[in-house]
Amino acid sequence: MIRDQYVLVKDLLSRKDDPSADGMSVRVRGWVKTNRGNAHVGFLTLSDGSCFENIQIVYNMDEHPELAPAAKISTGSSVDVTGRFILTPEARQPFEVQAEKVELLGDCDSDYPMQKKHHSLEFLREVPHLRPRTNTFNALFRVRSVLCGAIHEFFQTNGFLYITPPLITGNDAEGAGEVFTVTTGEGKETDFFGKKACLTVSGQLHVEPFALAYDRVYTFGPTFRAENSNTTTHASEFWMVEPEIAFADLEDDMACMEAMVKYCITKVLERCPSEMAFFNQMFDPEHRLIERLTAVANSEFKVMTYSEAIELLKASGREFQYPVEWGVDLKTEHERYICEEVVQGPVFLIDYPKDIKAFYMRLNDDGKTVAACDCLVPGVGELIGGSQREERYENLVARMKELGIEQEPLQWYCDLRRFGSVKHAGFGLGLERFILYLTNIGNIRDTIPYARTPRNLIF
Ligand code: 4AD
Ligand code: MG
C-alpha cells in the first residue's frame with residue numbers, strides 16, 4: 001500500500017535474524033524520540049508507528065560529513081532516512097540503520113512537551129494529542145485496537161450479526177436516569193426532534209428486536225452516562241459490547257461471557273507480545289500480569305450468588321466504606337474484595353435482588369431476585385453486567401408499573417413479548433474496563449483516546 005520505497009520498522013524487525021537482509025538498502029520515515037551522540041557519530045531513536053518498537057539510526061559524520069546537520073534534529077521532529085540495514089547481534093538492539101541521507105520533514109519546536117523521558121500519566125492526560133507518541137500509549141492503543149478486532153472476530157466467527165443501534169434515542173435503557181439530553185435549545189414542541197431525546201446509555205433495548213429475528217446479534221459502540229462518579233473505572237463516554245442471544249438463559253449467557261473474555265485475552269497476548277511485556281514490566285509491581293492473564297484464559301470462572309457474596313462480605317471483618325446488608329447494591333470495594341480476596345480471579349455473581357437491578361431482568365421463582373449476572377475481575381470490579389430478559393409480557397408490564405416506568409413509550413419493547421416471545425439473554429462489557437484489566441494501567445482516563453469524565457473534556 002502506497003509505501004513502495006519505504007519500509008516499515010515492523011518489517012525490519014521481522015528480518016532481525018535474517019543474514020540475507022544484512023546490508024540491504026532501506027528508507028524509513030517517522031518521528032524522532034531521542035537524538036544523542038558526539039562530534040563523530042550520532043544516534044536517532046525513531047518510531048514510525050508500525051509497531052511498538054523503535055529503531056536506532058546511526059549517522060556517522062566522519063564517514064558522511066554531509067550528515068552533520070542531523071545532530072541538530074530535535075526530539076519530536078519527523079524525518080525521512082535512507083541507509084543500510086545492519087545486523088548487530090552483539091549490541092543491545094538486534095540491528096540498526098546506518099544512515100546515508102537524513103532529511104528533516106517537520107521540525108519540532110523547543111516547547112514540545114514530550115522532551116523528557118518520563119512523564120506522569122496525569123501530565124499526559126493534559127496533552128491527549130501528543131501522548132500517543134509515548135511508549136505507554138503506543139502500547140495501550142495497540143492493545144485497544146487488537147482487542148476491538150478480537151471482539152468482532154469472536155462474535156463474527158460464532159455466528160453473531162453486528163447491529164449498530166442509534167446513539168440518539170428516545171429512552172433511558174437502564175432506567176437509571178443518567179442520560180445526557182440532546183437538544184438544539186429550542187422549546188419543548190419546537191425542539192429538533194419534537195420530543196425528549198438523549199444519548200444512549202446502552203444499545204440493549206434497541207438490539208433485542210434483532211435477536212428476536214436473527215437469533216444471535218451484538219452491538220459494539222459508544223455509550224454515554226451522566227453519572228457524577230469520579231472514580232478510576234467510570235467514564236462519561238465509553239464503549240460497550242452488547243451481545244443478545246435468543247433461546248438463551250442465564251447459564252448460556254455466562255458461557256458466552258466467559259468464552260469471549262478468554263478468547264480476547266488469548267488473542268491480545270498472542271498478537272501484542274511486546275506491548276504486554278511492557279505492561280507486565282511497567283504496570284504490575286510483581287511483573288505477573290501475563291502469568292495471571294494466561295492462567296485466567298485457562299481457568300474456569302467461579303459462580304457465586306449475590307446472597308453468598310453478602311454473607312462473605314459480612315463475615316470478612318472488613319470495615320467497608322459502604323455497609324453491607326442483603327439488598328444493597330454492591331460497590332467497587334465489595335466487588336473487589338470478592339474477586340481479589342475471596343476468589344482471586346474472575347467470578348460471576350448471580351441472582352441479585354430485583355430492586356437494585358433494571359426492569360427488564362427476568363424474575364426468579366423466589367419472587368425476590370432476578371436472573372442477572374455481573375462478572376467481577378481483580379483490579380477493576382465489575383467488568384460485565386448481563387441478564388436473562390423478562391420474556392413474559394405480564395411480568396414485564398407489572399414490573400414497569402412497580403417501578404413507575406411509563407409503558408407507552410416502551411410499548412414496542414413490551415410487544416416483543418406478544419409477537420413470538422422466546423427466552424433470551426445478553427450482556428454488556430465495558431471496553432475500557434477490559435483494557436484496565438488487561439494492562440493494569442490503573443485509570444480509565446488512560447484507556448481511551450480522549451477521556452470524558454465529570455468536569456473534564458479536553459478538545
Ligand atoms: O451494567 P451495565 O449498566 O449494563 C447495561 O448497560 C446493560 N444494558 C448491558 C446489557 O445487558 N446489554 O453496563 C455494562 C458494562 C459494565 O459492566 C461496565 O463494564 C461498563 O458497561 N460500564 C462502564 N464503563 C465505564 N464507565 C462507566 N460509567 C460505565 N458504566 C458501565
Ligand atoms: Mg452493571
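1. Two strands are taken to pair if DSSP finds at least two bridges between them, and helices (H or I, at least four residues) and strands (E, at least two) are DSSP runs, numbered from the N terminus. With those terms in hand, six bridges join strand E13 to strand E14 (residues 381–388), and the two run antiparallel. In general, strands of a sheet pair through backbone hydrogen bonds, either parallel or antiparallel.

2. A word on conventions: this is a predicted model, in which local features need pLDDT of at least 70 and side-chain atom pairs count only at pLDDT 80 or more, while totals for chains, interfaces and linings use all residues. Residues are numbered from 1 along each chain as its sequence is written, chains are lettered from A and ligands numbered from 1 in the order in which they are written, and side-chain values use heavy atoms, with hydrogens and water left out.

3. The strands E13 and E14 belong to an open sheet of eight strands, whose order is E6-E9-E10-E15-E14-E13-E12-E11 and whose pairing is mixed. Its edges are strand E6 (161–162) and strand E11 (302–305), each of which pairs on one side only.

4. Strand E13 (residues 369–377) deserves a point of its own, since nine of its nine residues are buried, so the strand is largely enclosed by the rest of the structure; buried means under 20% relative accessible area, exposed over 50%, and partly exposed in between (1.4 Å probe, protein chains only). E13 pairs with E12 in the antiparallel sense over six bridges, and Ile350 stands opposite Cys373 of E13. Towards E14, the bridge partner of Ala372 is Ser387. The hairpin of E13 and E14 has three residues between the strands, and in it Gly379 takes a positive phi near 85°.

5. Helix H8 (residues 306–315) lies across E11 and strand E12 (347–353), running at about 85° to E11; here contact means heavy atoms within 4.5 Å, and axes are lines fitted to C-alpha atoms, for helices over the stretch in contact, with angles running from 0 to 180 degrees between N-to-C directions. In helix H9 (332–343), the residues His334, Glu335, Tyr337, Ile338, Cys339 and Val343 are buried, and what covers the buried residues of H9 includes E11, H8, E12, E13 and E14.

6. The axes of helix H5 (residues 250–271) and helix H12 (residues 431–439) come within 12 Å and cross at roughly 55°. That angle makes H5 oblique to H12, given that angles under 35 degrees count as roughly parallel, over 145 as roughly antiparallel, 65 to 115 as roughly perpendicular and the rest as oblique. The contact is made by Val261, Cys264, Ile265 and Val268 of H5 together with Phe434, Tyr437 and Leu438 of H12. By class, this contact of H5 with H12 has seven nonpolar, no polar and no charged residues, where Ala, Val, Leu, Ile, Met, Phe, Trp, Tyr, Cys and Pro count as nonpolar, Asp, Glu, Lys and Arg as charged, and the others, Gly among them, as polar.

7. Two residues other than glycine have a positive phi and may be worth a look. Gln344 has a phi of about 60° although it is not a glycine; Gln344 is found in the loop between H9 and E12 and, at 63% relative accessibility, counts as exposed. Arg455 likewise has a phi near 60°; its place is in the loop between strand E16 (452–453) and strand E17 (456–457), and at 87% relative accessibility Arg455 counts as exposed.

8. Finally, two buried residues. Ser236, in the loop between E9 and strand E10 (237–246), counts as buried at 9% relative accessibility, and, leaving aside its neighbours within four places in sequence, Ser236 is in contact with Phe180, Thr223, Phe224, Arg225, Arg452, Thr453 and Pro454. Asp415 lies in helix H11 (residues 411–415) and is buried, with a relative accessible area of 14%; the C-alpha atoms of Asp415 and Tyr393, 22 residues apart along the chain, are separated by 7.8 Å.
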